[in-house]
Amino acid sequence: MPGSTNTLLIEGSFEELSDELAHYIDEIRRRQGGDGSSLQTDIKPILEQGQKDEALKKLVTGSAVLNAAPEKEFIAAYNLLIHLVRQSPNLDKFLPKICQNLSAPIISSPSNGPGLALAVLTTIFNILPADNETRYHVFMAILRVVRGSSSFDALKSQLKSMDSWVEQWETDEEDQRKLYLSIAEVAEEASEVEQAYLYLLRALRTISAEESSSDEARMLSIRALKAALMHPSHFDFQDLTALDSIQALRKSDPVYFELLEIFNAELLDDYNDFTDEHDGWIEKQSLDTSVLYRKMRLLTLASLAASTQSRSLPYQQISRALQIPSEDVEMWVIDVVRAGLIEGKLSQLNQTFLIHRSTYRVFGEKQWTEVQGRLDTWRSSLEGVLAVVRQEREKVIREKEREFKDLESRTNGTGGGSGMGTVGARRPTREIDIGAD
């Protein structure tokens, strides 16, 4: 598959190698019971006159028979042709025909043919400069071979380079759309639902606002909408509603657009009203009603969880909203958690679902109002907590002040009692009379 740039090293002059390839093509023709014409004879005078492009024209035209070359010689024969073509200043003139030949069945090796063709196409892709727009056409040929051989796995790892390739090739929006649609079709046939939808969406994004009401835009939009509805793990429809071509369905296909709006933001009751109003329409559009009902129930439970102020959902409320028996509630909650729409914990004892995390399907005025309500509730709770903390703080301060005063009072009381006496007090003197002898 496409990778880093490769180099072909083949010895010999252009004339010698052209003559050798022409002789080889003649040999294959003879094996197939050809008309006896000789390509080698036809190009000899042309080569003598130095008309390389004319000789290449005949070689490339006759190269279709290389698909009948023995398996061991197939890649070598095509590499020789590619080497000769690269020596022309008009490389882009010859490569499309070679790619077309390689996209056709390889007669000599039906089982290994696709692998051989992909090996040669990969060589062509890799020898071209990164910004050469011919790489686009080579890659389209690779997609045709991959599609015919159901070998999407060999291509998947290369898709990560697609954005940089498209930028380097400077392809216009129409060519980008063809490329993305081809990848989507290959992925769809390989049951790669996620990749198929991703590239179908990319194709839709190449449609300008001016073209959004065209027949092509309408068909692609309906195709993408149906893919999103039937995708088992696609729950966010904002990627579709943001596109001009999808918005154009509001006028061209109002029923489809109504269904999109229901899956984008509404609940199971609204979906039931839709099916009652448009009885049989779902089946006529080849949509699986069981898939749609399951997805609608999961989305309804997600919306219910996101809009619940208490963060606790009773089983009874879930049963009523999803229109299911109460004994099935836990199964549906587990499914919606697995889908990544909500997180929480089931309480069988209290028959409630405790919500840890939920996500709004859409975010508009209604959701802002709900958020404001929750913020007001949290603010009130925080104010209550702060009031309690403030009261406790004041209580602690008062206790500290009282303890300090008690300590001070006890200290003063000890200093005024009996003991050594007051400092500086004079002791009473004893008088002694001294008489004369």
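The model is predicted: local features require pLDDT of at least 70 and side-chain atom pairs count only at pLDDT 80 or more, while totals for chains, interfaces and linings use all residues. Residues are numbered from 1 along each chain as its sequence is written, and side-chain values use heavy atoms, with hydrogens and water left out.

**Helix H3**

Select residues 52-62, which form helix H3; helices are DSSP runs (H or I, at least four residues) numbered from the N terminus. Buried here are Asp-53, Ala-55, Leu-56, Leu-59, Val-60 and Gly-62. The term buried denotes under 20% relative accessible area, exposed over 50%, and partly exposed the range in between (1.4 Å probe, protein chains only). Next, display helices H1 (14-31), H2 (39-48), H4 (71-86) and H5 (91-103), which are among the elements covering the buried residues of H3.

**Helix H11**

Move to residues 193-205, helix H11. Its 13 residues reach 19 Å from the first C-alpha to the last, close to the expected 18 Å; the expected span is 1.5 Å times one less than the number of residues. The buried residues of H11 include Tyr-197, Tyr-199 and Arg-202. The cover over the buried residues of H11 includes helices H9 (162-169), H10 (173-189), H12 (215-230), H13 (238-241) and H14 (244-247).

**Salt bridges**

The whole structure contains 14 salt bridges, each defined as a side-chain nitrogen of Lys or Arg within 4 Å of a carboxyl oxygen of Asp or Glu.

Asp-163 is partly exposed, at 44% relative accessibility.

Then select Glu-185 and Arg-147, whose closest N and O atoms are 3.1 Å apart in a salt bridge. Glu-185 lies in helix H10 and Arg-147 in helix H7 (residues 134-149), 38 residues apart. Both partners are partly exposed: Glu-185 at 25% relative accessibility and Arg-147 at 37%.

Finally, select Asp-253 and Arg-218, which meet in a salt bridge of 2.7 Å, N to O. Asp-253 lies in the loop between helix H15 (249-252) and helix H16 (254-265) and Arg-218 in helix H12, so the pair ties together parts 35 residues apart in sequence. Asp-253 is buried, at 10% relative accessible area, whereas Arg-218 is partly exposed, at 30% relative accessibility.

Methods: Helices (H or I, at least four residues) and strands (E, at least two) are DSSP runs, numbered from the N terminus. Contact means heavy atoms within 4.5 Å.
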